[in-house]
Amino acid sequence: SALLDVPDETPDPETIAEARSDLARVKQAMAGFSARRLDICTAAWLDGRPTAEIAERHGMAQRTVQHELKLATEELQRILNQPEVVFVRQRGPEAS
């Protein structure tokens, strides 16, 4: 049966433990962010808000929001000892 040929994509215990460790380090790093940076990152990365909308809500330039996101990304990269962290988000017609 074709159903039996489907590979098991369940992560192994080591992969799960590593992911949990990374998540704990990200949470710890983000706990050190200023309230403004944390709000900007949450709006962009978790809520998928466009940078123009975030800038308007905070009364700041869009470039400032982009800079805050860049600094936050660099901090997370450093914490995770990763050469590059790429945040991918679907862009709709209203996204910036």
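Me: Why is R78 called exposed?
Reply: R78 has a relative accessible area of 51%, and exposed means over 50%, so R78 counts as exposed. Keep in mind that this is a predicted model.

Me: What makes R78 and E75 a salt bridge?
Reply: Their closest N and O atoms are 2.8 Å apart, and the cut-off is within 4 Å, so the pair qualifies.

Me: How do you know that R78 and E75 are separated by about one helical turn?
Reply: They are three residues apart in helix 4, which means about one helical turn between them. An α-helix has 3.6 residues a turn, so residues three or four places apart point the same way.

Me: And E75, why is that residue called partly exposed?
Reply: E75 has 26% relative accessibility.

Me: How do you know that the length of helix 4 agrees with what it should span?
Reply: Helix 4 covers residues 62-80, and at 1.5 Å a residue its 19 residues should span 27 Å. Its end C-alpha atoms are 27 Å apart, so the two agree.

Me: Which residues of helix 4 are buried, and what covers them?
Reply: The buried ones are V65, E68, L69, A72, T73, L76, Q77 and L80. Their cover includes helix 1 (13-31), helix 2 and helix 3 (51-58).

Me: Why is E68 called buried?
Reply: E68 has 8% relative accessibility, and buried means under 20%, so E68 counts as buried.

Me: What makes E68 and R36 a salt bridge, and which parts does the pair tie together?
Reply: Their side chains meet at 2.7 Å, N to O, and the limit is within 4 Å. E68 lies in helix 4 and R36 in helix 2, so the pair ties together parts that are 32 residues apart in sequence. R36, at 38% relative accessibility, counts as partly exposed.

Me: Is R37 buried or exposed?
Reply: R37, in helix 2 (residues 35-46), has 18% relative accessibility. The cut-off for buried is under 20%, so R37 counts as buried.

Me: What does R37 touch?
Reply: Leaving aside neighbours within four places in sequence, R37 is in contact with E68, L71 and A72. The side chains of R37 and E68 make a polar contact at 2.6 Å, and R36, R37 and E68 are linked in a network of salt bridges.

Me: How many salt bridges are there in the whole structure?
Reply: The search finds six. One of them joins the side chains of E53 and R49 at 3.2 Å, N to O.

Definitions and conventions: Residues are numbered from 1 along each chain as its sequence is written. This is a predicted model: local features need pLDDT of at least 70, side-chain atom pairs count only at pLDDT 80 or more; totals for chains, interfaces and linings use all residues. Side-chain values use heavy atoms; hydrogens and water are left out. Helices (H or I, at least four residues) and strands (E, at least two) are DSSP runs, numbered from the N terminus. Buried means under 20% relative accessible area, exposed over 50%, partly exposed in between (1.4 Å probe, protein chains only). A polar contact is a pair of N or O atoms within 3.5 Å; within protein, one must be able to donate a hydrogen and the other to accept it, and residues adjacent in sequence count only if both atoms are side-chain atoms. Contact means heavy atoms within 4.5 Å. The expected span of a helix is 1.5 Å times one less than its number of residues.
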